[in-house]
Amino acid sequence: MNMEKPSLSEKLASINQLHLLKNWDNLSEASQRKLAKQIEEIEIPIFLKQKKVIQSPFQENHSSLTAFNDYEEAGNPILKNRGQDLISEGKVGCIIVAGGQGTRLKMDGPKGMFPISAIKHKSLFQLFAEKTLAAGKQLGVTLPIAIMTSPLNHQQTTTFFTNHNNFGLSSHQLSFFSQGMLPFLNQEGSLFLEEPDHIALGPDGNGMSLIHFYKSGTWQKWHNKGVRWVNYVLIDNPLADPFDAELIGFHADQNLDITIKCIPRLHAEEKVGIIVKRDGKTEVIEYTEIPASERDERLPSGQFKHPCANISLFCFSMDFIKQYAESGKTLPLHANWKSAKYLNPDGQSVNSSTPNAWKFETFIFDLLPEATRVKGLLYKREDCFAPLKNEKGEASPETVQAALLAQDRKTLEQITGLAAPLEAFELSQDFYYPTAELINKWNKRSPNQSGYVES
């Protein structure tokens with residue numbers, strides 16, 4: 001294995017990173033192979049781009065921002081019927097982005113494994129699997145979903161599904177693909193080791209998800225089956241609808257590249273991306289990066305100049321995904337100063353208690369300027385957005401379960417025509433994609449008891 005050292009040294013010397021081989025001769029042959037593979041996988045242009053991002057202060061784009069007004073409000077039954085027709089024809093799939101770990105929730109493992117429902121304690125993964133099954137049952141079709149994992153949680157995720165018999169999904173409709181990894185950089189802008197034989201890395205963000213979806217072969221498999229549109233949801237938002245018929249109907253009716261499923265902004269300081277227009281292109285600007293004057297500005301009516309918040313729910317055309325994936329274009333890198341594991345001078349792996357490294361990600365909303373035809377569909381927040389981020393407080397299990405209960409109450413009342421029970425309960429996901437049989441069964445009928453309500 002030592003034979004490889006000269007070529008590895010040559011590559012690392014070209015980017016002034018020879019320190020990664022400092023303890024090479026002390027490594028076992030297996031560890032040398034592991035480290036060599038990582039060094040061979042370093043993409044020098046990306047590494048140089050990372051260094052440039054942290055060496056150059058954020059440069060504000062001073063092009064004037066205009067309002068994003070290319071949206072309609074949701075609630076059109078004609079578009080919903082159109083979308084249901086397309087779904088029933090097998091033309092729709094869903095990508096579920098689930099590469100994250102549940103670190104902030106104090107859990108060890110993929111966030112999708114978190115037990116979130118109040119009565120049955122169903123995991124996020126189970127809820128989305130059951131939504132997929134219910135939507136397919138409603139329209140008499142087997143619907144495809146693809147779950148994006150990361151190298152950090154891929155094995156745990158697939159094992160979790162296997163251990164639960166895919167929650168009823170067939171192996172033909174369920175696909176997995178993994179996002180990539182990007183190296184961390186230290187304060188000096190250098191690569192560093194987190195183990196004697198392992199470079200410190202982190203997932204490359206959801207911005208690369210469509211490229212990984214395409215390169216994994218899942219795009220081709222779906223296209224061969226007739227899929228032409230893809231709904232896109234994040235695993236940590238259990239109010240998201242993986243087969244939103246109205247969104248699909250709107251997207252197809254307007255012949256769009258991307259439809260943004262958005263919500264009204266609540267207040268000026270809200271921590272959401274803000275949808276704007278710049279130089280004729282649609283963009284999302286993070287709340288931390290938009291000028292305060294633009295963030296706060298209101299019209300004479302009292303409405304925000306920029307009224308729409310991004311919640312990372314989209315519909316993409318398969319043709320656009322292919323076009324972008326084959327274009328060779330790259331998305332901007334976003335750097336965050338984070339805590340990362342590192343190898344100390346004594347050769348021990350240490351979990352830093354304070355931020356010590358730059359973590360790099362790409363964001364899916366940076367695809368918007370690459371599309372020619374982009375519009376938004378504006379939904380009520382309570383119908384589609386309840387993110388699970390934190391162990392306590394805002395966006396915690398407590399707030400998410402309250403949102404799920406409110407949605408269950410509203411849905412049950414719509415179907416039964418009666419007031420929902422005051423006690424806590426949980427609906428089967430079939431109620432969200434009701435068949436004629438379910439509607440007839442539950443018309444003017446209340447659950448006999450609180451708890452879990454089967455269809």
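I count two residues as in contact when they have heavy atoms within 4.5 Å. Helices (H or I, at least four residues) and strands (E, at least two) are DSSP runs, numbered from the N terminus.

I am working on a predicted model, where local features need pLDDT of at least 70, side-chain atom pairs count only at pLDDT 80 or more, and totals for chains, interfaces and linings use all residues. Residues are numbered from 1 along each chain as its sequence is written, and side-chain values use heavy atoms, with hydrogens and water left out.

**Entry 1: helix 4 against helix 9**

I looked up how helix 4 (residues 77-88) packs on helix 9 (residues 245-254). The angle is about 90 degrees, and the axes are 6 Å apart. Axes here are lines fitted to C-alpha atoms, for helices over the stretch in contact, and angles run from 0 to 180 degrees between N-to-C directions. Helix 4 and helix 9 are therefore roughly perpendicular to each other. My cut-offs are under 35 degrees for roughly parallel, over 145 for roughly antiparallel, 65 to 115 for roughly perpendicular, and oblique for the rest.

I then listed the residues that meet. Helix 4 brings Leu79, Lys80, Arg82, Gly83, Gln84, Leu86 and Ile87. Helix 9 brings Ala245, Glu246, Ile248, Gly249, Phe250, Ala252 and Asp253. This contact divides into 7 nonpolar, 3 polar and 4 charged residues. I count Ala, Val, Leu, Ile, Met, Phe, Trp, Tyr, Cys and Pro as nonpolar, Asp, Glu, Lys and Arg as charged, and the others, Gly among them, as polar.

**Entry 2: helix 8 against helix 11**

Next I took helix 8 (residues 218-225) and helix 11 (residues 318-325). They pack at an angle of about 150 degrees, with axes 11 Å apart. That makes helix 8 roughly antiparallel to helix 11. I noted the residues in contact: Trp219, Trp222 and His223 in helix 8 meet Met318, Ile321 and Lys322 in helix 11. They divide into 4 nonpolar, 1 polar and 1 charged.

Which residues of helix 8 are buried? I found Thr218, Trp219 and Trp222. Buried means under 20% relative accessible area, exposed over 50%, and partly exposed in between (1.4 Å probe, protein chains only). The three cover an arc of only 100 degrees around the axis, which puts them on the same side of helix 8. I take the arc from the directions from the helix axis to the C-beta atoms. Their cover includes strand 3, strand 4, strand 5, helix 7 (209-215), strand 10 (229-234) and helix 11. Gly226 follows helix 8 and has a positive phi, near 105 degrees.

**Entry 3: helix 6**

I asked which residues of helix 6 (residues 154-163) are buried. They are Thr157, Thr158, Phe160 and Phe161. They span an arc of only 155 degrees around the axis, which puts them on the same side of helix 6. An α-helix has 3.6 residues a turn, so residues three or four places apart point the same way. On the other side of helix 6, I found Gln155, Thr162 and Asn163 exposed. Helix 5 (124-139), strand 4 (145-149) and strand 5 (174-178) are among what covers the buried residues.

**Entry 4: two positive phi values**

Asn165 lies in the loop between helix 6 and strand 5. I read a positive phi of about 50 degrees there, although Asn165 is not a glycine. Asn165 is exposed, with a relative accessible area of 63%.

Lys106 sits in the loop between strand 3 (92-97) and helix 5. I read its phi as near 60 degrees, a positive value in a residue other than glycine. Is Lys106 buried or exposed? Lys106 is exposed, at 63% relative accessible area.

I found Thr259 in strand 11 (residues 258-264). Thr259 has 0% relative accessibility and counts as buried. I checked its contacts, leaving aside neighbours within four places in sequence: Leu247, Phe250, His251, Leu313, Phe314, Cys315, Lys375 and Leu377. Cys315 is 56 residues from Thr259 along the chain, and their C-alpha atoms are separated by 5.0 Å.

Gly189 is in the loop between strand 6 (181-183) and strand 7 (193-195). I have Gly189 as buried too, at 0% relative accessibility. What does Gly189 touch, not counting residues up to four places away in sequence? I found Phe47, Lys51 and Ile54. I also looked up Gln407, 218 residues from Gly189 along the chain. The C-alpha atoms of Gly189 and Gln407 are separated by 47 Å.
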